[in-house]
Amino acid sequence: MIEQVSVFLENKPGHLAQLARTLADAGINMRALMVADTEQFGVVRIICDRPHAAKGALEDAGFGVSITRVVAVEMPDRPGGLADVLEALGAEGMNVEYAYAFVEPDARAAVDIFKVDDERAGAVLERAGLKVLAADALYEQDSI
Amino acid sequence: MYQPEFEAMSSDALESLQVQRLQDMLARTYENVPLYRDKLDAAGISPTIEALSDLSRFPFTVKDDMRSAFPYGMFAVPLREIVRVHSSSGTTGQITVVGYTKRDIENWADMMARTIACAGGTADDIVQVTYGYGLFTGGLGVHYGSERLGCVTIPISGGNTKRQVQVLKDFGTTILACTPSYAILIAETAQEMGLDIRDFSLKAGIFGAEPWSDNMRRQVEELMGIKAIDIYGLSEVLGPGVASECSEQHGLHVNEDHFLIEIVDPDTLQPVPDGEYGEVVFTTLTKEGIPVIRYRTRDISRIIPGACSCGRTFRRMERVTGRTDDMLIVRGVNVFPSQIEQVLTGIPGVAPHYQVVLSKRGSMDHVEVHVEVAPDTDFDEIRELESLRRQVADEIASALAVSIDVKLVEPKSIERSQGKAKRVLDLRAENEGA
């Protein structure tokens with residue numbers, strides 16, 4: 001499991017820019033960002049180099065922030081890669097709440113992020129032969 | 001004029017009728033309502049008067065008195081003489097119950113018949129009663145007056161705007177009774193349906209239960225091709241029918257044979273002369289179920305000095321211009337911001353910091369409550385945030401009896417003020433200008 005920064009965002013002009021500027025000023029480097037929106041508000045999900053520093057900076061700037069544990073999988077570059085992941089989780093009765101993808105800095109492979117309602121998801125995927133990424137493969141562990 | 005023998009009384013005859021009715025009312029009330037007896041005894045005031053001016057010695061009655069007497073503590077007659085109860089729309093915390101005897105209902109019907117006649121109504125008219133029927137006094141109040149005057153009465157109640165338009169057209173309605181904002185919605189809905197209400201038989205509207213401006217009056221009159229009459233009332237005193245504009249549209253004639261009106265300075269609580277603004281205070285003269293002595297309405301208005309050319313001699317109060325408390329009126333329902341606060345403090349996941357934002361969407365008032373999400377919320381859970389928002393909206397709707405949009409906002413984003421929190425942000429004037 002890796003740590004994702006989840007930010008509550010009211011729908012108002014310039015607000016996402018304010019979030020990005022806050023992270024920039026704190027020297028945070030984002031690897032991936034996904035915006036999920038509803039009619040009333042949005043939730044921004046961020047994978048970055050220092051999640052806890054990001055949370056602190058955003059909270060200081062007045063944002064509502066949570067750290068969320070998600071699974072990062074380096075995706076095999078072939079047809080059926082995503083199906084393998086979802087079938088392995090489904091076989092264990094695990095539910096994927098959302099997923100998104102980004103490309104690693106050295107562009108060798110795509111990384112998919114899965115929010116799964118079960119802490120054992122990483123282990124399940126590893127048993128299925130998938131390459132589950134540890135936190136240190138993606139960012140500094142700044143929680144302690 | 002429906003009852004010229006009262007509505008056009010000479011001031012001397014009116015005053016002696018008022019004195020006589022006030023003496024009778026004070027004696028009855030002192031005898032039968034412990035709350036008043038205790039109050040007067042404690043203040044060492046005898047429940048007798050020689051002249052109307054003696055009333056200024058009496059203590060005021062406030063909403064809290066009615067609330068603490070819930071449900072029947074203010075009734076001055078045994079329940080077997082009560083034939084109807086109504087209840088005030090959303091109040092802070094607890095509703096209040098008002099009761100009517102058979103004679104109260106009779107008098108009320110007379111007063112509402114006067115109101116409809118003020119709008120030019122006669123037995124030849126067809127009245128569409130679009131005020132809500134039920135515990136709210138509006139629907140049944142207008143209904144009885146319409147029947148009393150001999151009009152065809154359409155008890156359609158509120159809601160289903162397209163059907164309102166269809167009935168206006170098909171039934172040949174000549175007088176519409178509803179809130180002014182709903183009247184505008186009806187007119188706009190008719191336009192969307194490709195109909196022009198100006199082509200209908202409608203000639204007048206009796207609009208009340210919420211504050212409105214002269215601009216809005218002109219808008220309704222223009223859209224509907226009618227004369228729009230402002231009416232005033234409150235359940236603690238009667239319901240609709242306490243006062244009504246006549247066709248002069250310059251102030252609302254108070255039914256002074258049934259109510260004494262005083263305007264008092266809201267700070268000193270001393271009566272002010274005619275013409276000066278202050279808080280409106282009513283004393284009932286004929287009410288049997290719930291007589292009230294010097295009830296503080298919290299509404300701000302003034303007496304318009306001078307005679308009215310319509311021939312009615314009852315003095316006129318100006319259209320209510322504001323409140324001395326923070327009550328809002330949303331689609332005819334009274335809403336206190338403190339009620340919203342009470343709901344929020346009972347819901348984990350939101351902070352009790354909120355702001356009520358009033359705006360205009362088209363002609364309708366739109367109310368949105370901005371509520372802060374608690375800082376320890378799991379912000380990744382969209383579904384939980386959505387269900388939190390729905391829960392807040394549902395609980396507000398059930399506590400206030402009016403549905404209000406809810407917007408979740410970021411923790412600590414609502415301005416914390418030093419003194420009195422600015423709970424209400426009113427953008428309606430800006431929206432109207434836009």
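Predicted model: local features only at pLDDT ≥ 70, side-chain atom pairs only at ≥ 80, totals over all residues.
Trainee: Which strands pair with strand 3 of chain B, and in which sense?

Mentor: One partner is strand 4 of chain B, residues 152-154, which pairs with strand 3 in the parallel sense over three bridges. Another is strand 5 of chain B, residues 175-178, and this pairing is also parallel, over three bridges.

Trainee: What stands opposite B:Val127, and what stands opposite B:Gln128?

Mentor: B:Thr153 in strand 4 of chain B stands opposite B:Val127. For B:Gln128, the residue opposite is B:Leu176 in strand 5 of chain B.

Trainee: May we turn to helix 9 of chain B? Which of its residues are buried?

Mentor: Helix 9 of chain B covers residues 214-224, and B:Arg217, B:Val220, B:Leu223 and B:Met224 are buried there. Seen down the helix axis, these buried residues fall within an arc of 135°, so they line one face of the helix.

Trainee: Why do residues three or four places apart point the same way in an α-helix?

Mentor: An α-helix has 3.6 residues a turn, so residues at that spacing point the same way.

Trainee: What does the face turned away from the buried side of helix 9 of chain B carry?

Mentor: That face carries the exposed residues B:Asp214, B:Asn215, B:Arg218 and B:Glu222.

Trainee: And what do the buried residues of helix 9 of chain B pack against?

Mentor: They pack against three elements of chain B: helix 8 (180-192), strand 6 (204-207) and strand 7 (227-234).

Trainee: What follows helix 9 of chain B?

Mentor: The helix is followed by B:Gly225, which has a positive phi, near 65°.

Trainee: A change of topic: in what order do the strands of the four-stranded open sheet in chain B run?

Mentor: The order is 10-11-12-15, with antiparallel pairing. Strand 10 (259-264) and strand 15 (322-323) of chain B stand at the edges with a single partner strand each, so one side of each is left without a neighbour in the sheet.

Trainee: How many bridges join strand 10 and strand 11 of chain B?

Mentor: Strand 10 and strand 11 of chain B, the latter being residues 278-284, pair over six bridges in the antiparallel sense. B:Leu260 has B:Thr283 in strand 11 of chain B as its bridge partner.

Trainee: How is chain B divided into domains?

Mentor: The domain assignment gives domain 1 (4-325) and domain 2 (336-433) in chain B. Their C-alpha centres lie 32 Å apart. The contact takes nine residues from domain 1 of chain B and 11 residues from domain 2 of chain B.

Trainee: Which element gives the most to the domain 1 side of that contact in chain B?

Mentor: Helix 8 of chain B gives the most, with four residues. By class, this side of domain 1 of chain B has two nonpolar, six polar and one charged residues.

Trainee: What about the domains of chain A?

Mentor: For chain A, the assignment gives domain 1 (2-68) and domain 2 (70-137), and 23 Å separate their centres, taken over C-alpha atoms. Each of these domains of chain A contributes nine residues to the contact. On the side of domain 1 of chain A, the largest share, four residues, comes from strand 2 of chain A. The residues of that side divide into five nonpolar, two polar and two charged.

Trainee: How many residues does each chain give to the contact of chain A with chain B?

Mentor: Chain A gives 15 residues and chain B gives 17 residues. In chain A, strand 1 (2-10), strand 3 (41-48) and strand 4 (64-74) each supply at least two residues of the side that touches chain B. By class, that side of chain A has seven nonpolar, seven polar and one charged residues.

How values were computed
Residues numbered from 1 in each chain as written. Chains lettered and ligands numbered in written order. Buried ≥ 20, exposed ≤ 12 C-beta atoms within 10 Å, placed from the backbone. Arc of directions from axis to C-beta. Contact = placed C-beta atoms within 7 Å. Domains from an automatic or database assignment. Nonpolar A, V, L, I, M, F, W, Y, C, P; charged D, E, K, R; others polar. Pairing = 2+ DSSP bridges.
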